[in-house]
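Me: Could you take me through this structure feature by feature, giving the general idea before the case at hand?

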Amino acid sequence: MDFRGSETVVGPQAADLLPASAAAAVKVVIVGGFGVGKTTLVGSVSEIRPLTTEETMTQAGAEVDDTAGVERKTSTTVAMDFGRISISDQLVLYVFGTPGQERFWFLWNGLFEGALGAVVLVDTRRLEVSFDVIGRLEDRGVPFVVATNDFPESPAYPTEELRAALDLPPEVPIIACDARTRESSRDVLLTLMRYLYQLSAPPVG
């Protein structure tokens, strides 16, 4: 059989391969309301080509999705985003981003299976879209940190005001971030890792 002219099937690129030194892999999930920047964060922090399931928003979706405050958004995640980042030579994080619209929340069951913790990404212009998300994490008993994404004209609130508005317990970390930059997104994940470590550490005394 002559395969000349057919496309060559290639494997993953070298940059996508798991580092040989990796000894442990941890799954974490990025959650938040519609349009808070989850896909942007996964894409900025991932050291491999991120997998995204972005689809163009249609008029039919406009009838069920609340686009208040993000009227210029033209695409949306319909399944998940996926990326990977090496925290150290031995520790690798698999990062999954969830859909923001409530009609896709049934996918959370699979995405959260095996996850050690979560990041709740918040837009301070629309704090109300985070309430149900945080409630679902608390119901599941999933430890999480909160990251406020820096949008243009986003109001800056003192941490304790944010904590009160989101009804968060005092131990839950809150960190500001710019989801567009790798360094800032990495710092959010490091904050989550430190928090998970604190929760797993035996009590002193």
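**Reading the model**

Reply: Let us begin with the aromatic side chains, where Phe82, Tyr94 and Phe96 are linked by ring pairs into a cluster. Rings of Phe, Tyr and Trp (its six-membered ring) count as a pair if their centres lie within 6.5 Å, and planes under 30 degrees apart are called stacked, over 60 edge-to-face, and the rest tilted. The model is predicted, so local features need pLDDT of at least 70 and side-chain atom pairs count only at pLDDT 80 or more, whereas totals for chains, interfaces and linings use all residues. Residues are numbered from 1 along each chain as its sequence is written, and side-chain values use heavy atoms, with hydrogens and water left out.

Me: How many aromatic pairs does the structure hold, and what is the geometry of the pair formed by Phe82 and Phe96?

Reply: There are two aromatic pairs in the structure. Phe82 and Phe96 form a tilted one, with 5.0 Å from centre to centre and 55 degrees between the planes. Because Phe82 lies in strand β4 and Phe96 in strand β5, this pair ties together parts that are 14 residues apart in sequence. Helices (H or I, at least four residues) and strands (E, at least two) are DSSP runs, numbered from the N terminus.

Me: Is Phe96 buried or exposed, and which residue lies over the face of its ring?

Reply: Buried means under 20% relative accessible area, exposed means over 50%, and partly exposed falls in between, using a 1.4 Å probe and protein chains only. Phe96 has 14% relative accessibility and therefore counts as buried. Lys27 lies over the face of Phe96, at 4.8 Å from the ring centre; a charge sits over a ring if NZ of Lys or CZ of Arg is within 6 Å of the ring centre and within 35 degrees of the ring normal.

Me: How should I read strand β1, and which strands are joined to β1 by bridges?

Reply: Two strands pair if DSSP finds at least two bridges between them. Strand β1 (residues 24-32) runs parallel to β5 (residues 91-97), to which seven bridges join it, and Ala24 stands opposite Leu91 in β5. Five bridges join β1 to β6 (residues 117-122), also in parallel, with Ile30 opposite Val119 in β6. Seven of the nine residues of β1 are buried, so the strand is largely enclosed by the rest of the structure.

Me: Which residues of helix α4 are buried, and where do they lie around the axis?

Reply: In α4 (residues 131-140), the buried residues are Val133, Ile134 and Leu137. They cover an arc of only 95 degrees around the axis, which means that they are on the same side of α4; the arc is that of the directions from the helix axis to the C-beta atoms. Gly141, whose phi is positive, near 75 degrees, follows α4.

Me: Where is confidence lowest and where is it highest?

Reply: pLDDT is the predictor's confidence in each residue, from 0 to 100. The protein chain averages 80, and 70% of the residues score at least 70. Confidence is lowest in helix α2 (residues 59-62), at a mean of 46, and highest in strand β7 (residues 144-149), at 98. Over residues 57-65 pLDDT stays under 50, and the model has ten contacts beyond four places in sequence for them, a contact meaning heavy atoms within 4.5 Å. Where pLDDT is low, the predicted coordinates should not be read in detail.
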